[in-house]
Amino acid sequence: MESRELERRPCGASGLDISVLGVGCWAFGGKEGDYWGAQDDNDARSLIAACLERGVTYLDVAEAYNDGRSEEALGRILEGRRGEAIIGTKIGPQFCTPSLIREHCEASLRRLRTDYIDIYMVHWPIREHSVPEAFETLKQLRDEGKIRVIGVSNFGVRDLTEAADLVPGIGINQLHYNLLSRGLEAEILPLCRKRNIGVMTYMSLLQGILTGKWKTIDEIPPVRTRTRHFRGDRPDSRHGGPGAEEEVIAALDGIRAIATELGVEMGQLALGWLAAQPGVTCVLAGARNVAQLESNIQGVTLKLSDDVLARLDATTRPVFDKLGSDADYWQSGSNSRIR
Ligand SMILES: NC(=O)c1ccc[n+]([C@@H]2O[C@H](COP(=O)([O-])OP(=O)(O)OC[C@H]3O[C@@H](n4cnc5c(N)ncnc54)[C@H](OP(=O)(O)O)[C@@H]3O)[C@@H](O)[C@H]2O)c1
């Protein structure tokens, strides 16, 4: 299978280029009972060392991850190597008043042991506070050099249009996107392309499901079957819908067959497909260890032919048709948070 160099791609018109593969560091600083469970600092340290060595420089956290411990762990690990990494972190929308934004940004800077954040994202759309005031404050922080690029996450057409009209140069919209979650292709991705805002994908492997490591849906850890792909009566699910389990199984079988034919892993094919989508700046994937990182690098650097891309489109289209264009995969209809 042909592959290409690990590219750097522009974050829209912001002037910042980042690696096409980014590593999600949500698990960092985690202990038993946290979303991703316990994560040893030494494993995280080896992972980051390998990332920097291999040119995977974009590292993603949020103030909310493990109550700030993900940012703290990343800060500890990057001490002395800060300049080699591009750090993205996020503020919760409930804190988006001018004074709280400043306070929360300072707190993230302290936890990350740095004096600038490369990409500072609003984690979800702002519903409770003034959007113009929030973006004005972010612009001031950018002018002051505390953040280099303003980003957003989970912003749909309405919210993104409003934000982009308020502040030129928004660099990134971080969104749930993968072969089985293609809702954003209907409107959000075209809008990002039109407004020159880079898309950074999360759930790129659908929390590992696209690697094919589980043979049946019942084997998947319940915390990973809460999305609209799965029946709404599964544990901790909150969407209440029917799911698309038959279509998901058929699509996974289809992806596996193409991967086998090409001699690559399913997860690599899923990441290669994402990296080939026009408008995608960065494919974010969580990685537990260096072996997963190496595999994911091979994935994003695959050179997939138009024929393979078309077959992947066809094999996953029934899931897209069933789940529709709503890009919120945990809630839907009038409860959807993405507008
Ligand atoms: N903006 C947002 O609202 C938002 C929401 C969620 C996540 N995120 C970001 O996205 C990052 C990634 O999280 P995600 O939820 O999107 O998960 P994901 O990247 O779809 O899946 C990550 C998980 O897949 C498994 N995996 C990764 N590479 C693999 C490989 N090569 N082979 C086998 N398994 C592999 C690992 O889990 P196991 O080994 O445990 O199976 C890993 O923890 C987070 O760290 C966070 O930075 C952002």
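In this predicted model, a side-chain N or O atom of asparagine 296 lies 2.9 Å from a nitrogen atom of the ligand, a polar contact (a pair of N or O atoms within 3.5 Å; within protein, one must be able to donate a hydrogen and the other to accept it, and residues adjacent in sequence count only if both atoms are side-chain atoms). The protein buries 90% of the 910 Å² that the ligand exposes when taken alone (Shrake-Rupley, 1.4 Å probe).

Helices (H or I, at least four residues) and strands (E, at least two) are DSSP runs.

Helix α1 covers residues 41-54. Its 14 residues should span 20 Å at 1.5 Å a residue, which agrees with the 20 Å between its end C-alpha atoms; the expected span takes one less than the number of residues. At its start, a side-chain oxygen of aspartate 40 comes within 3.0 Å of the backbone nitrogen of asparagine 42. Glycine 55 follows α1, with a positive phi near 85°. Ala44, Leu47, Ile48, Ala50, Cys51 and Leu52 of α1 are buried (under 20% relative accessible area, 1.4 Å probe, protein chains only). The buried residues of α1 pack against β3 (21-24), β4 (58-60), α2 (69-78) and α9 (heavy atoms within 4.5 Å).

Residues are numbered from 1 along each chain as its sequence is written. Local features need pLDDT of at least 70 and side-chain atom pairs 80 or more, while totals for chains, interfaces and linings use all residues, and side-chain values use heavy atoms, without hydrogens or water.

Technical notes:
Buried means under 20% relative accessible area, exposed over 50%, partly exposed in between (1.4 Å probe, protein chains only).
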